[in-house]
Amino acid sequence: MENIVYRLSSEKWKRLLIANGHVLVSSKGHDTALSFLEAAEKKGLLESLKKIPVASITQLSLIPADDDLKLSWIGDKGKEQHFTVEFDDAKDAQLVAEALAGTRNMTMHERASNKLQAIKTPGIGLLVSLALTAMTFFLAQEMAEGADVSPTGRRAWLKLILIAAAEVLGTTGTLLVGGAICLAFGYWVFKRLQSPPVEMVWR
């Protein structure tokens, strides 16, 4: 699994690479292992880089089908540290976990995940759906009243998408479609609270 660049989905961290006995996580979107390693050597001010020694990793954990991998390791001062990596693809999260666990000769066991961790993914989906539904509804309402809703500012691209949705759906359609999506995420949260998924842990 070394020298493969993995895409991450968090706002800050963009790429992950396992190389030279370290897990490297970068804030830049490197496309090749070479550019990633060169950046790691330069340690530029415009790039955030996290280096985790593979030999210091004490535990790995993830929920199958989720894209978050939690790493625990012993830091320089002898204290245990934790870092969660959000992958673009849940399969990559499991591949990386299994590769690191194999290198460290760790044994995998299963346990019930805690409720907060269990609802993280559907909970975020629910909050985002509520926010987008509300924004689209108010845009549709403003458009119906003849107000100017031209896309401006840093998030102009997002407003442009919402304006297009508002034009097609209108206020009633936005509430129906947005409400259905929110209900789906709400039901997912409910199901996960009722029956938390199994978490895979390597030690």
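**View 1. Burial across the chain of the predicted model.** Of the 203 residues of the chain, 36% are buried, where buried means under 20% relative accessible area with a 1.4 Å probe and protein chains only as cover. This is a predicted model in which local features need pLDDT of at least 70 and side-chain atom pairs count only at pLDDT 80 or more, while totals for chains, interfaces and linings use all residues. Residues are numbered from 1 along each chain as its sequence is written, and side-chain values use heavy atoms, with hydrogens and water left out.

**View 2. Overall dimensions.** The chain has a radius of gyration of 21 Å, whereas a compact globule of 203 residues would have one near 17 Å; the radius is taken over C-alpha atoms, and the globule rule is 2.2 Å times the number of residues to the power 0.38. Along the principal axes, the C-alpha atoms fill a box of roughly 65 × 45 × 30 Å.

View 3. Four of the five residues of strand S3 (residues 22–26) are buried, strands being DSSP runs of E with at least two residues, numbered from the N terminus. Strand S2 (residues 15–19) pairs with S3 in the antiparallel sense over five bridges, pairing requiring that DSSP finds at least two bridges between the strands. Leu-17 stands opposite Leu-24 in S3, and in the hairpin, which has two residues between the strands, Asn-20 takes a positive phi near 55 degrees.

**View 4. Strand S3 beside S4.** Strand S4 (residues 49–53) runs antiparallel to S3 and is joined to S3 by five bridges, with Pro-53 in S4 as the bridge partner of His-22.

Key. Buried < 20%, exposed > 50% of the residue type's maximum accessible area, 1.4 Å probe, protein only.
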